[in-house]
Amino acid sequence: MKIKSADFVMSNSDVAKCPNELIPEYAFIGRSNVGKSSLINMLTERKSLAKTSGRPGKTQLINHFKINENWFLVDLPGYGYARVSKKDKSIFQKYITNYFLQREQLVCSFVLIDIRHNPQKIDLEFMEWLGGNGIPFGIIFTKADKLKPKASEKQVNAYIETLLQGVWEEAPPYFITSSSHRTGREELLQYIDGINDSFFKAAKK
Ligand code: GTP
Ligand code: MG
């Protein structure tokens, strides 16, 4: 898929105020600093469409970007970041939770995992929560440039193995990416394109 346009639409913390067009939407979620915003810039080939930072906690709010005039990418704040106070954290989690539970247009969420990290409870629990609520998701392994290809493959296989030994009967779709090396861009866009096609075909019926 060619990216012809990528535009920031709005940021807010209330799912009810998100754009109301019924076009397919994809959200990126994962620990703070895992590379959600960088991946949006890599996919769209826009240097600073989404704001990135070396310090965790950069993205706040629900950020909508409209791509090719007919689908949305959504950048979300990270989870598992301790600097916010307990009170802020619970508010933050509530609006993210509401977003996932109420957003009709959300056709697929991507849980981002730093390829260097072994499976962590917070990510596994979040995926279980998505699954339990019938929210389709894929896994995106990020920062693959930090490992040699063989080591990346080993990490990914071990990760999927952990999922299969846990609550999952089959592995979710997964992608290996590097925003700095543009790895995985085509595969991911192709996957999104396929879902977009099904969405628009179903909408026509
Ligand atoms: P929050 O908004 O704080 O939740 O973080 P985020 O998940 O959006 O991460 P962000 O994209 O801001 O990136 C965090 C840091 O990781 C930045 O310093 C990026 O330059 C770096 N980074 C992101 N993707 C990659 C990658 O593919 N390779 C490498 N080497 N660094 C990356
Ligand atoms: Mg971010």
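Tutor: Let's begin with a polar contact: a pair of N or O atoms within 3.5 Å; within protein, one must be able to donate a hydrogen and the other to accept it, and residues adjacent in sequence count only if both atoms are side-chain atoms. In this structure, a backbone N or O atom of S179 is 2.7 Å from an oxygen atom of ligand 1.

Student: How far is an oxygen atom of ligand 1 from an N or O atom in the side chain of K36?

Tutor: That distance is 2.7 Å, and a polar backbone atom of V34 lies 3.3 Å from a ligand 1 oxygen. This is a predicted model, where local features need pLDDT of at least 70, side-chain atom pairs count only at pLDDT 80 or more, totals for chains, interfaces and linings use all residues, and side-chain values use heavy atoms, without hydrogens and water. Residues are numbered from 1 along each chain as written, while chains are lettered from A and ligands numbered from 1 in written order.

Student: How many residues surround ligand 1, and which are the closest?

Tutor: Counting residues with a heavy atom within 4 Å, 22 surround ligand 1, with K36, S38, G57, T59 and S179 the closest.

Student: How does that shell divide by class?

Tutor: Ala, Val, Leu, Ile, Met, Phe, Trp, Tyr, Cys and Pro count as nonpolar, Asp, Glu, Lys and Arg as charged, and the others, Gly among them, as polar. Around ligand 1 there are 14 polar, 6 charged and 2 nonpolar residues.
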